[in-house]
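Work through the exercises below with the sequence and the 3D view open. Try each task before reading its solution.

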Amino acid sequence: MSDRHGPAHSGDDLPRRAFSRGMKLASLPLGLAGRATVGLGKRVTGLADEILSEQAQRRTAEHVFSVLGQLKGGAMKLGQALSIFEAALPEHLAAPYRQALTKLQNAAPPLPVASVHGVLERQMGADWRERFVEFDDAPSAAASIGQVHRAVWKDGRQVAVKIQYPGAGDALRSDLRHLSRMAPMFKVLQPNFDVKKITVELRERLLEELDYELEAATQQQFAEAFRDDPLIVVPEVVHASGEVLVTEWIAGRPLSEVITEGTQDERDAAGLRLATLHFSAPKRAGLLHADPHPGNFAIGEDGRLVVYDFGAAARMPGGMPVQVGRLTRLTLDGKADDVVAGLRGEGFVPPGLQIDAKAMLDLLQPMLEPIAGEEFQFSREWLRKESTRLTGQGSEAAKLNKQLSFPPSYLLIHRVTMGSIGVLCQLGATAKWRSILEEWLPGFDDPEGTDPNR
């Protein structure tokens, strides 16, 4: 079987054996940013010419896509993450990766039809066909650990049926043991990340994604919170079991298409809706959608942002931590001493480390440029500039940044925020971003009155 996703692989499951998957991952090049961190010389913006050759980059990009796409699971998740973070890389490095890695957001080799039917029979019973009026054997989309089929439920509703790849659990656990070798890519972009802590966080989130019943509960919680919302829509859950999830089918224009072909107005509207989801969901749903890559979003016929895939979510029953909003506003207001004290209290400033308060503002304020004024346009150029400022050799901001810690409790929030910013930069979206924070981010509108230490 083959379709627009590419040729089907043989067999009825993911490559399961840890050795086999490990060897495939080992075949990947270390990656440009990784090479910069392990001694091939210059920082990411000044690598040797032979590493930068366009042909070599294209071959590398296609190889990464091929291996990660075949392995799916955690490996494909990494590919999706890389396809977002490429916005922070210099254009001459990013271009070959953009085309190859973006494919991972919507495509992967499909399962054979017999495997699809086998999962449905195991999860829904031998009479599974009686649940559907129609079922399309050809997948309409691929996810990291499953694929989606279009169908008509027994009550006549158009539905999306997500089926987990057989062996996905074994594959994920295997990937998590091998993918740490690619951590240097993230070390360049975020030098303070503690790889061990990130691995723990990533492992917890990815293993959660294996449980489609948990995902169903999360999705329904989002659907109820955003029901009848003018900007955002979440498909309702129809049926769930451990490895099969049936939800309403809500079609839309893929966000990846809006990024590449949309008008400025369309990209602005998409960005506004994405940012609104990010900041309002913790307060409205008690949850944070934790997988912000373009393949998980579309623009519906009514103009609303359609949100898919709720396997990765952060539980925030009390909403976003109030200190996030408070410290953001204090930084914008130039309250340097209060900012340092607040960061120290949250664990960003290690005990005993003396910090120049003005230097801290110099580090943080440029990051907040999108909300410093009334309106701002995100761009790849802005993100690359910030990445260079925060990681460049000799940069004062980089020197200070490397002295700071990163509390485990903020890792997921930071990762999701960075992922969302990466998508906004791909969109080149313009909006009044500050107004979204004023409405939805606790502590932002009243930084003095929400300090828990007062």
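## The protein as a whole

Of the 454 residues of the protein, 57% count as buried. The model is a predicted one. Its secondary structure consists of 21 helices and 16 strands. Among contacts between residues at least 6 apart in sequence, 72% join residues at least 24 apart.

## Exercise 1: one face of a helix

Task: Find which residues of helix α15 (residues 336-346) are buried, and work out how they are arranged around the helix.

Solution.
Step 1. The buried residues in α15 are Ala336, Val339, Val340, Gly342 and Leu343.
Step 2. Viewed down the axis of α15, these buried residues fall within an arc of 165°, so they line one face of the helix.
Step 3. Asp337 and Gly345, on the other side of α15, are exposed.
Step 4. The partners of the buried residues of α15 are α14 (322-332) and α16 (357-364), against which they pack.
Step 5. After α15 comes Gly347, which has a positive phi, near 100°.

## Exercise 2: two helix pairs

Task: Describe how α13 (residues 264-285) packs with α21 (residues 433-440), and how α11 (residues 212-225) packs with α13.

Solution.
Step 1. Two packed helices are described by the angle between their axes and the distance between the axes.
Step 2. For α13 and α21 the angle is about 15°, and the axes are 9 Å apart.
Step 3. Angles under 35 degrees count as roughly parallel, and α13 and α21 are therefore roughly parallel to each other. Their crossing is right-handed.
Step 4. On the α13 side, the contact is made by Gly271, Leu272, Ala275, Thr276, Phe279, Ser280, Lys283 and Arg284; on the α21 side, by Trp433, Ile436, Leu437, Glu439 and Trp440. Sorted by class, the contact of α13 with α21 has 7 nonpolar, 3 polar and 3 charged residues.
Step 5. For α11 and α13 the angle is about 95°, with the axes 10 Å apart. Angles of 65 to 115 degrees count as roughly perpendicular, and α11 and α13 are therefore roughly perpendicular to each other.
Step 6. Here Gln221, Phe222 and Ala225 in α11 meet Leu277, Ala281, Arg284 and Ala285 in α13. By class, this contact of α11 with α13 has 5 nonpolar residues, 1 polar and 1 charged.

## Exercise 3: the surroundings of a leucine

Task: Locate Leu120, and list its contacts beyond its neighbours within four places in sequence.

Solution.
Step 1. Leu120 is in helix α7 (residues 113-124).
Step 2. Buried means under 20% relative accessible area. Leu120 has a relative accessible area of 0%, so Leu120 is buried.
Step 3. Leaving aside its neighbours within four places, Leu120 is in contact with Gly125, Trp128, Phe135, Val161, Ile163 and Val244.
Step 4. Take Val161 from that list. Leu120 and Val161 are 41 residues apart in sequence, and their C-alpha atoms are 9.8 Å apart in space.

## Exercise 4: positive phi in two aspartates

Task: State the phi of Asp228 and of Asp309, and decide whether each is buried or exposed.

Solution.
Step 1. Most residues other than glycine have a negative phi.
Step 2. Asp228 has a positive phi, near 65°, and Asp309 has a positive phi, near 60°.
Step 3. Asp228 is in the loop between α11 and β7 (232-233). Asp309 is in the loop between β13 (305-307) and β14 (313-315).
Step 4. Asp228 has 70% relative accessibility, so Asp228 counts as exposed. Asp309 has 13% relative accessibility, so Asp309 counts as buried.

Notes: Residues are numbered from 1 along each chain as its sequence is written. This is a predicted model: local features need pLDDT of at least 70, side-chain atom pairs count only at pLDDT 80 or more; totals for chains, interfaces and linings use all residues. Side-chain values use heavy atoms; hydrogens and water are left out. Buried means under 20% relative accessible area, exposed over 50%, partly exposed in between (1.4 Å probe, protein chains only). Helices (H or I, at least four residues) and strands (E, at least two) are DSSP runs, numbered from the N terminus. The arc is that of the directions from the helix axis to the C-beta atoms. Contact means heavy atoms within 4.5 Å. Axes are lines fitted to C-alpha atoms, for helices over the stretch in contact, and angles run from 0 to 180 degrees between N-to-C directions. Angles under 35 degrees count as roughly parallel, over 145 as roughly antiparallel, 65 to 115 as roughly perpendicular and the rest as oblique. A crossing is left-handed if the near helix is turned anticlockwise from the far one by less than a right angle, and right-handed if clockwise. Ala, Val, Leu, Ile, Met, Phe, Trp, Tyr, Cys and Pro count as nonpolar, Asp, Glu, Lys and Arg as charged, and the others, Gly among them, as polar.
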